[in-house]
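Welcome! Let us walk through this structure together, one spot at a time.

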Amino acid sequence: MNLTVTTPGGTSTAVTYTYANVPAVIGVSPSSGPVAGGSSVIITGSSFTAATAVVFGTIPAASYTVNSSTQITAISPAGAAAAVDITVATAGGTSAVNAGDHFTFIGKSSVTLTSSADPSSYGQAVTLTATVAASGGNPTGTVVFRDGSTVLFTGTLAAQITSYTTASLSVGQHAISVIYAGDNIFTSGSAGLIQTVDPAVTTPAKPMPIRARWARPVSPARQQPFRSPGAATVDSVNNHLFIADTGNQRVQVLDTGTLAVVATIGTPGASGSDNAHLNAPKGVGFDPASGPCLRRR
C-alpha cells in the first residue's frame, strides 16, 4: 500500500508500506540431531520472507537459508541433550512455540558392566552392575542383561545404574552382556564381560567325638539310648548328624536342627556280615560325593 502524510503545507510523496505477518513454524525435519550440532534441518511454515533469526531453544542456528516464504534450511548449533523449540523471527514478530517446532538434541551414552566377583565359585552370588553415563543429563529407560542369547533380567535405570544378582550360573565361562535401549534424548549402547564360574570347593567334614550319652530325638518312638557311641560327623549340605552307635551295631542319622532321628544305618542290636548289618562301628565320616564312610574298628 502507499503511505502519504498530509499537513497544511501539502501532501507528501507516497511511499510503499508492507504489512509483515508473524511467521509460523509447523514442522521440522529431521526432528533430532547430535548435541555436537551440524545437522541440516528443513523448517516449514509461513511468512518466512526476510527472516532475521532462526533459534534452537535459546541458541541461534549456526547458519540458515530462506528458501521461500514457507521453507528455511538451518544448520543446528551445538546444544545440551534436551528437546527444544525452533522459532523464526521476522519484522512481523517471532513464531509462537507449538508441537510442530520441536527439535531434540541427542546425547551419546556410555555403557559399562562390572561383576562383584570374577571369577566366582559355583553357587556363589554374583552382582552384575550396568552403568549408563552421559554428559549433560541422566539417561532413563531399561537395560537387558543377557548370558549369551539368554535373557537373564531386564532392569530400569535409577540414577544411571541398574543391577542383577544371581547364584545360578553354571560352571564355565559366560559371555555376559548388557544392552541399553536408549531414550528420547540419549543414544542406545551396550557392554559385556566374560564371567568365569569355578567348581565349588567343598571340605569333607571331620569326625567329632560324642560327648553326650543320650540323643534327644523329637519322636518318642525313636528315643533309644546310645551304647558306647564312637564318633560323629555332620553333613552340612543336608543338615544331618551321623553318630556311630557302637554298642547298638548301628549309625543313627539325626536332623541337626531338631535332633530328630531321620534314618538308621544297620540293624539295631544285631551284628552281621551282610549289607544290612554293622559290626560295632567306631567312627563315621562324610564324603559329599559318596555319602557316609564307616570305621569298623
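This is a predicted model: local features need pLDDT of at least 70, side-chain atom pairs count only at pLDDT 80 or more; totals for chains, interfaces and linings use all residues.

Strand β12 (residues 82-90) runs antiparallel to β14, and four bridges join the two. Strands here are DSSP runs of E with at least two residues, helices are runs of H or I with at least four, and both are numbered from the N terminus. Two strands pair if DSSP finds at least two bridges between them.

Residues are numbered from 1 along each chain as its sequence is written, and side-chain values use heavy atoms, with hydrogens and water left out.

Now step to the loop between β5 (24-29) and β6, where Pro-30 sits. The peptide bond leading from Ser-29 to Pro-30 is cis, with omega near -5°. A cis bond also joins Asp-118 to Pro-119, with omega about 10°; Pro-119 lies in the loop between β15 and β16 (120-121). Most peptide bonds are trans, and most residues other than glycine have a negative phi. With that in mind, look at Ser-47, whose phi is positive, near 60°. Ser-47 belongs to the loop between β7 (40-46) and β8 (53-56). Ala-159, in the loop between β19 (150-156) and β20 (161-166), has a positive phi of about 55°.

Next, find Thr-112 in strand β15 (residues 110-115). Its contacts (heavy atoms within 4.5 Å) include Thr-129, Ala-130, Thr-131 and Ala-191, leaving out residues up to four places away in sequence. Thr-112 and Thr-131 are 19 residues apart along the chain, yet their C-alpha atoms are separated by 5.3 Å.

Our last stop is Asp-147, in strand β18 (residues 142-147). Is Asp-147 buried or exposed? Asp-147 is buried, which means under 20% relative accessible area, whereas exposed is over 50% and partly exposed in between, using a 1.4 Å probe and protein chains only. The side chain of Asp-147 makes a polar contact of 2.8 Å with that of His-174. Beyond four places in sequence, the residues touching Asp-147 are Leu-152, Leu-169, His-174, Ala-175 and Ile-176. A polar contact is a pair of N or O atoms within 3.5 Å; within protein, one must be able to donate a hydrogen and the other to accept it, and residues adjacent in sequence count only if both atoms are side-chain atoms.

Key: Lys and Arg count as positive and Asp and Glu as negative; His and the chain ends are not counted. A salt bridge is a side-chain nitrogen of Lys or Arg within 4 Å of a carboxyl oxygen of Asp or Glu.
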